[in-house]
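Hello,

Here is the structure for your files. My notes follow below it.

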Amino acid sequence: MSKDKISMEVIKNALSASDAQWVADRTILSTLSLEEQKRYLGANPPENIPSTKEIEQRLLTEKESFKAKALGAIGVPTAYDLRNVDGNNFVTEVKDQKSCGSCVAFGSIATVESSLRVQRNDANLEVDLSEAHLFFCHGPETGAACDSGWWPHLAYDAFKNKGVAVEECYRYEDGLEKKDCSGLCPNPDSSEVKISNYTDLTGKPAEIKEWVSSKGPVSACFIVYQDFYSYNSGIYKHVTGEKVGGHCVTIIGYDDNEGCWICKNSWFTSWGEQGFFRIAYGECGIDSWSNHGVEC
């Protein structure tokens with residue numbers, strides 16, 4: 001990877017020369033160095049999972065196929081957004097992973113929190129789970145750390161077998177200071193939430209849409225390129241810049257008219273569309289690298 005950042009001028013020129021429908025602008029992450037930007041990722045696949053290089057190669061020939069599969073889904077709404085289901089918002093607030101490769105914990109937590117609301121049919125359900133507990137307490141057993149990241153199925157295994165405490169038990173800011181899992185509340189077990197199961201939906205765009213429109217959000221990992229840090233609004237497609245690494249988020253909706261997934265990120269509300277973004281079907285491995293739905 002190049003150590004040089006791409007300029008806003010380069011990104012905007014590339015956008016003008018492409019058919020991409022998104023707006024680039026200065027963001028809280030675009031001003032950071034490449035090394036600092038990389039710390040806001042954290043999707044690190046184990047040996048039995050395709051690498052970012054393998055996903056890139058696959059997309060050269062299969063991207064259009066994934067788009068077609070998404071658009072060809074039968075029996076689901078043509079558009080769906082968990083932030084507005086008959087006026088109800090089932091999506092919990094956008095959080096900030098800060099400069100730690102903990103995106104898998106944030107994407108998994110966001111998926112579980114909203115799934116609890118959907119599957120209990122209660123958009124007002126108070127649920128705020130601890131990313132720090134999942135990442136700094138359960139994660140190290142399977143290699144998770146700020147500088148090495150993690151992978152979703154390992155996070156969901158911890159959710160299923162051990163449970164995750166509420167945010168008040170172990171706040172993320174405290175976890176950043178105490179990465180050894182010290183500082184937990186006296187009785188973390190009393191507030192732990194477990195999931196009953198999780199389903200692998202990787203590479204199945206039609207099934208992802210079906211899940212989102214009936215059971216809740218779906219976690220997703222994708223390849224981040226340099227231009228993504230400058231995303232301000234619109235439907236993202238990679239237009240310029242080198243690969244930086246892998247990142248995990250949560251798919252909370254989709255829109256066939258725009259040909260895109262609607263995603264919740266973990267870079268706080270001052271980035272993107274108030275912390276959310278839209279990304280084209282098939283783009284950057286968003287629907288073909290790692291996708292999971294949970295049953296609470």
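Buried means under 20% relative accessible area, exposed means over 50%, and partly exposed lies in between (1.4 Å probe, protein chains only). By that rule C284 is buried, at 3%.

Some ground rules. The model is predicted: local features need pLDDT of at least 70, side-chain atom pairs count only at pLDDT 80 or more, and totals for chains, interfaces and linings use all residues. Residues are numbered from 1 along each chain as its sequence is written, and side-chain values use heavy atoms, with hydrogens and water left out.

Disulfides

A disulfide here is a pair of cysteine sulfur atoms within 2.5 Å. The whole structure holds 4 of them. With the bonded cysteines numbered in sequence order, they pair 1-3, 2-5, 4-6, 7-8.

Helices (H or I, at least four residues) and strands (E, at least two) are DSSP runs, numbered from the N terminus.

- C137 and C181: the sulfurs sit 2.0 Å apart. The link is right-handed, with 90° about the S-S bond. C137 is in helix α5 and C181 in the loop between α7 and β3, 44 residues apart. C137 is buried at 14%, and C181 is buried at 18%.
- C169 and C185: the sulfurs are 2.0 Å apart. The S-S torsion is about -80°, so this disulfide is left-handed. C169 lies in the loop between α6 and α7, and C185 in the loop between α7 and β3, so the pair ties together parts 16 residues apart in sequence. C169 is buried at 5%, but C185 is partly exposed at 23%.
- C221 and C248: S to S is 1.9 Å. The link is right-handed, with 80° about the bond. It joins strand β4 to strand β6, across 27 residues. C221 is buried at 0%, and C248 is buried at 4%.

C260 is buried at 0%.

Helices α3 and α8

Helix α3 (residues 52-71) packs on helix α8 (residues 205-212) at about 40°, with axes 7 Å apart. F66, K69, A70 and L71 in α3 meet P205, A206 and K209 in α8, where contact means heavy atoms within 4.5 Å.

Best wishes

How values were computed
Axes are lines fitted to C-alpha atoms, for helices over the stretch in contact, and angles run from 0 to 180 degrees between N-to-C directions.
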